[in-house]
Amino acid sequence: MICLAVNERLGTGHVAVGGRNGYLRLINLVSGVSGLPAIDPQIQDITQLCFSRFKQSLLAGSTESGVIALWDANAVKTTASFTEHRAPASGLALSLINETF
């Protein structure tokens, strides 16, 4: 494990765990159930994860390859990848006032 993010929404919280070679696993805090990990070796190690304050299922992550990825936490699927950054991305933050990002 390299990074961890917690979404503590009432009754539907999740923990996201990021790791090496694009490893991502989500664990439901209510049931304790964890689905199969999503693995995307093209994005290398996940360095930070962050849940959106506005859209409960939106999870963002920064990676060693410089990619910023967005996942649908409910489906554990990548919904967008931003590849313009050319150096490792060590962190990210989603807006506290803008519902988009």
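This is a predicted model: local features need pLDDT of at least 70, side-chain atom pairs count only at pLDDT 80 or more; totals for chains, interfaces and linings use all residues.
The side chain of Ser 52 comes within 3.0 Å of the backbone nitrogen of Phe 54. A polar atom of that Ser 52 side chain also lies 3.0 Å from the backbone nitrogen of Lys 55.

Is Ser 52 buried or exposed? With a relative accessible area of 6%, against a cut-off of under 20%, Ser 52 counts as buried. Setting aside its neighbours within four places in sequence, Ser 52 is in contact with Arg 9, Leu 58 and Leu 94.

The protein has a mean pLDDT of 87, and 97% of its residues reach 70 or more. Confidence is highest in strand β5 (residues 46-51), at a mean of 94, and lowest in strand β4 (residues 38-39), at 86.

Strands of a sheet pair through backbone hydrogen bonds.

Where does β2 (residues 14-18) find its partners? On one hand, β2 pairs with β1 in the antiparallel sense over five bridges. Within that pairing, Ala 16 of β2 is the bridge partner of Ala 5, while Asn 7 stands opposite His 14. On the other hand, five bridges join β2 to strand β3 (residues 23-28), again running antiparallel, and there Val 17 has Arg 25 of β3 as its bridge partner. The hairpin of β2 and β3 has four residues between the strands, and in it Asn 21 takes a positive phi near 55 degrees.

## Why β2 is enclosed

Why is β2 described as largely enclosed by the rest of the structure? Five of the five residues of β2 are buried, so the strand is largely enclosed. The burial covers both faces: His 14, Ala 16 and Gly 18 are buried on one side, and Val 15 and Val 17 on the other.

## The sheet of β5 to β8

A further open sheet is formed by four strands in the order β5-β6-β7-β8, with antiparallel pairing. Its edge strands are β5 and β8 (77-82), each pairing on one side only. From one strand to the next, the twist averages 25 degrees.

Strand β7 (residues 68-72) and β8 run antiparallel and are joined by five bridges. In this pairing, Leu 70 stands opposite Ala 80 in β8.

## Thr 63 in β6

Thr 63 lies in strand β6 (residues 58-63). With a relative accessible area of 0%, Thr 63 is buried. Not counting residues up to four places away in sequence, Thr 63 touches Ile 43, Asp 45, Ile 46, Thr 47, Pro 88 and Ala 89.

Which side chain makes a polar contact with that of Thr 63? The side chain of Ser 65 does, at 3.0 Å. As for His 14, 49 residues away along the chain, its C-alpha atom is separated from that of Thr 63 by 20 Å.

Definitions and conventions: Residues are numbered from 1 along each chain as its sequence is written. Side-chain values use heavy atoms; hydrogens and water are left out. Helices (H or I, at least four residues) and strands (E, at least two) are DSSP runs, numbered from the N terminus. Buried means under 20% relative accessible area, exposed over 50%, partly exposed in between (1.4 Å probe, protein chains only). Contact means heavy atoms within 4.5 Å. A polar contact is a pair of N or O atoms within 3.5 Å; within protein, one must be able to donate a hydrogen and the other to accept it, and residues adjacent in sequence count only if both atoms are side-chain atoms. pLDDT is the predictor's confidence in each residue, from 0 to 100. Two strands pair if DSSP finds at least two bridges between them. Axes are lines fitted to C-alpha atoms, for helices over the stretch in contact, and angles run from 0 to 180 degrees between N-to-C directions.
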